[in-house]
Amino acid sequence: MAGNTFGTLFRLTTFGESHGPAIGGIIDGCPPGIELDFDAIQHELNRRKPGQSSIVTQRKEDDTVQFLSGIFEGKTTGAPIAFAVNNTNHKPDDYSHIKDVYRPSHADYTYDKKYGIRDHRGGGRSSARETISRVVGGAIARQIIPDIKINAFVSSVGDIFIDKPYQALDLSLTDNNAVRCPDPATAEKMEAYIKEVRKEADTVGGTITCVLQNVPAGLGEPVFDKLHAELGKAMLSINAVKGFEYGSGFCGARMKGSEHNDLFNPDGNTRSNLSGGIQGGISNGMDIYFRVAFKPVATIMKEQETIDNLGNIVQMQGRGRHDPCVVPRAVPIVEAMAALVLTDFSLM
């Protein structure tokens with residue numbers, strides 16, 4: 001199985017399955033002499049972990065990271081950093097009913113067709129539990145680029161949207177509620193809706209907006225290694241992501257050039273920022289902002305028609321512990337992937 005490594009100079013390789021002994025990773029290319037804040041790394045894992053509120057999966061995991069190499073006396077040595085997070089709350093029987101059945105909109109069918117074998121316990125490698133490794137890698141990456149601010153937040157759940165631009169929001173309020181929405185009134189509506197959907201044995205999608213500030217001009221390359229292209233790849237590699245747009249995004253397709261152009265100030269900044277901080281694939285020093293769309297979680301507690309591995313039509317129903325809406329726990333994952341991209345380009 002290829003495709004387990006992300007990055008060029010700052011590279012993260014992940015390993016492990018949802019119900020295996022552990023999830024972990026190896027970071028290669030981390031500069032030596034970085035004094036790590038281990039509490040900050042664990043804090044990011046705590047933001048991602050299950051069981052943290054009533055609107056997420058109730059799987060109970062401490063998600064405590066153990067570092068195995070590449071760190072001496074609290075500082076990076078330049079050697080590969082290996083780490084692992086043990087899986088302690090196994091319930092593989094929750095998935096015994098789908099051993100030979102393909103769940104709709106999951107990776108079950110495609111896995112079987114590609115590899116001829118699959119770990120049905122929570123999806124194995126296709127499980128969102130793999131993102132633990134990304135959060136650890138991103139938390140270390142952030143400490144290499146401490147001047148860059150990376151803030152993601154939930155901007156919509158279903159049809160409930162924040163109706164303000166990010167500049168009008170206090171992003172320090174993001175973690176003050178279970179939904180991770182910095183607008184308290186909207187967050188209250190989102191949380192109530194997620195609880196309502198859960199009672200209906202269903203799930204709902206949403207969007208996360210991410211803002212990158214203090215990014216120096218000059219990151220990215222003009223052809224295939226465009227900064228926004230790598231950010232898009234990073235976000236689209238996250239489980240359940242269905243879309244990515246930066247700057248004016250799809251709204252820009254409805255505008256005229258005279259409306260969309262970002263005119264310059266004498267200091268090189270621009271009066272508007274419909275470019276989203278990136279022009280020609282290269283950062284221009286303005287805020288970089290983008291939005292990531294997440295589909296509803298595919299596992300629902302309603303009975304659905306599907307097929308088994310022999311092609312028979314069968315009935316199946318989800319079991320176990322699953323998120324009714326993935327976006328609150330995906331906020332630190334989006335931030336982590338953004339940090340990996342920015343650190344990689346900074347080193348390049």
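**Ground rules.** The model is predicted, so I took local features only at pLDDT of at least 70 and side-chain atom pairs only at pLDDT 80 or more, while totals for chains, interfaces and linings use all residues. Residues are numbered from 1 along each chain as its sequence is written, and side-chain values use heavy atoms, with hydrogens and water left out.

**Helix α5.** I started at H228, which sits in helix α5, residues 227-236. Helices (H or I, at least four residues) and strands (E, at least two) are DSSP runs, numbered from the N terminus. Is H228 buried or exposed? H228 is buried, at a relative accessible area of 17%. Buried means under 20% relative accessible area, exposed over 50%, and partly exposed in between (1.4 Å probe, protein chains only). I then checked the whole helix. In α5, 7 of the 10 residues are buried, so the helix is largely enclosed by the rest of the structure. The buried residues are L227, H228, E230, L231, G232, A234 and M235.

I looked up contacts, meaning heavy atoms within 4.5 Å. Neighbours within four places in sequence aside, H228 is in contact with F244, Y246, I278 and G281. With the residues up to four places away left out, L231 touches L212, F244, I278, I288, F290, A338 and V341.

**Nonpolar core.** A nonpolar core is a set of buried Ala, Val, Leu, Ile, Met, Phe, Trp, Tyr and Cys residues joined through side-chain atoms within 4.5 Å. The largest one has 75 residues, and L212, L231, M235, F290 and F294 have the most contacts inside it. Helix α7 (residues 327-347) supplies the largest share of this core, 12 residues.

**Aromatic pairs.** I found 6 aromatic pairs in the structure. Rings of Phe, Tyr and Trp (its six-membered ring) pair if their centres lie within 6.5 Å; planes under 30 degrees apart count as stacked, over 60 as edge-to-face and the rest as tilted. F244 and F290 make a tilted pair, 5.4 Å centre to centre with 45° between the planes. This pair links distant parts of the chain: F244 is in strand β12 (residues 241-246), F290 is in strand β15 (residues 288-294), and they are 46 residues apart. Both F244 and F290 are buried. Ring pairs also link F38, F67 and F83 into a cluster.

**Second largest pocket.** On a 1 Å grid over the protein atoms alone, a cavity is a set of points where a 1.4 Å probe fits but cannot get out, and a pocket is an open set with protein on both sides within 12 Å along at least five of seven lines; lining residues have an atom within 4 Å of a point. Volume is the space filled by probe spheres set on the points, which are joined across faces, edges and corners. The second largest pocket has a volume of about 440 Å³. Its lining has 20 residues, with K164, T209, E245, Y289 and R291 nearest the centre. β15 gives the most to this lining, with 3 residues.

**Cavities.** My search of the whole structure gave 2 cavities of 30 Å³ or more. Which residues line the second largest cavity? They are A107, D108, Y111, R118, D119, H120, G123 and S126. Of these, G123 is in the loop between α2 (108-115) and α3 (131-144). G123 is buried, with a relative accessible area of 6%.
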